[in-house]
Amino acid sequence: MQNYPKHVLETIQKHLEDEKKRLDLRVSELGSQDPFNDPERAIDNAASDTEANEESNHDRMSALIDELKSQQTAVSQALLRIEKGTYGFCNSCGEMIDTDRLNVLPTAVLCLACEAKKSRRS
């Protein structure tokens, strides 16, 4: 089985590690902005419109954090595949994923052909 050149994997690994740090920081920042994380919120007697606004902001923060956590998982799994020597191979057919695809989407687990098949089934 042919592998990607070491220098290519090192570049991708560095990018993924930087992305992981960025995502970790963003999740932390958003968590601190969530009005439901304010300990004073439980004892304040906010007006109903303020309460509704806080709930809306909480829902928005939760959705953003969920999406970022999904991205964190994808990045962590990609880094694990690099360690195992399986990075860049399609999880479906086992063929190498095109480097252009990996440059655009470094967390890709399917080649374009298998991704297209998956999309048609959905």
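Cys 90 counts as buried, at 5% relative accessibility; buried means under 20% relative accessible area, exposed over 50%, and partly exposed in between, with a 1.4 Å probe and protein chains only. Cys 93 is partly exposed, at 40%.

A word on the source. This is a predicted model, where local features need pLDDT of at least 70, side-chain atom pairs count only at pLDDT 80 or more, and totals for chains, interfaces and linings use all residues. Residues are numbered from 1 along each chain as its sequence is written, and side-chain values use heavy atoms, leaving out hydrogens and water.

On confidence, the chain has a mean pLDDT (the predictor's confidence in each residue, from 0 to 100) of 86, and 82% of its residues reach 70 or more.

Back to the cysteines. The whole structure has zero disulfides, a disulfide being a pair of cysteine sulfur atoms within 2.5 Å. For Cys 90, the nearest cysteine sulfur belongs to Cys 114, 3.6 Å away. The sulfur of Cys 93 has its closest cysteine sulfur in Cys 90, at 3.7 Å, too far for a bond.

Next, salt bridges: a side-chain nitrogen of Lys or Arg within 4 Å of a carboxyl oxygen of Asp or Glu. There are five. One of them joins Lys 14 to Asp 18, with 2.9 Å between the closest N and O atoms. Both residues lie in helix H1 (residues 6-33), four residues apart; helices are DSSP runs of H or I, at least four residues, and strands are runs of E, at least two, numbered from the N terminus.

Arg 101 and Glu 115 also pair, at 3.3 Å, N to O. Arg 101 is in helix H3 (residues 99-104) and Glu 115 in helix H4, so the pair ties together parts 14 residues apart in sequence. Arg 101 is buried, at 15%.
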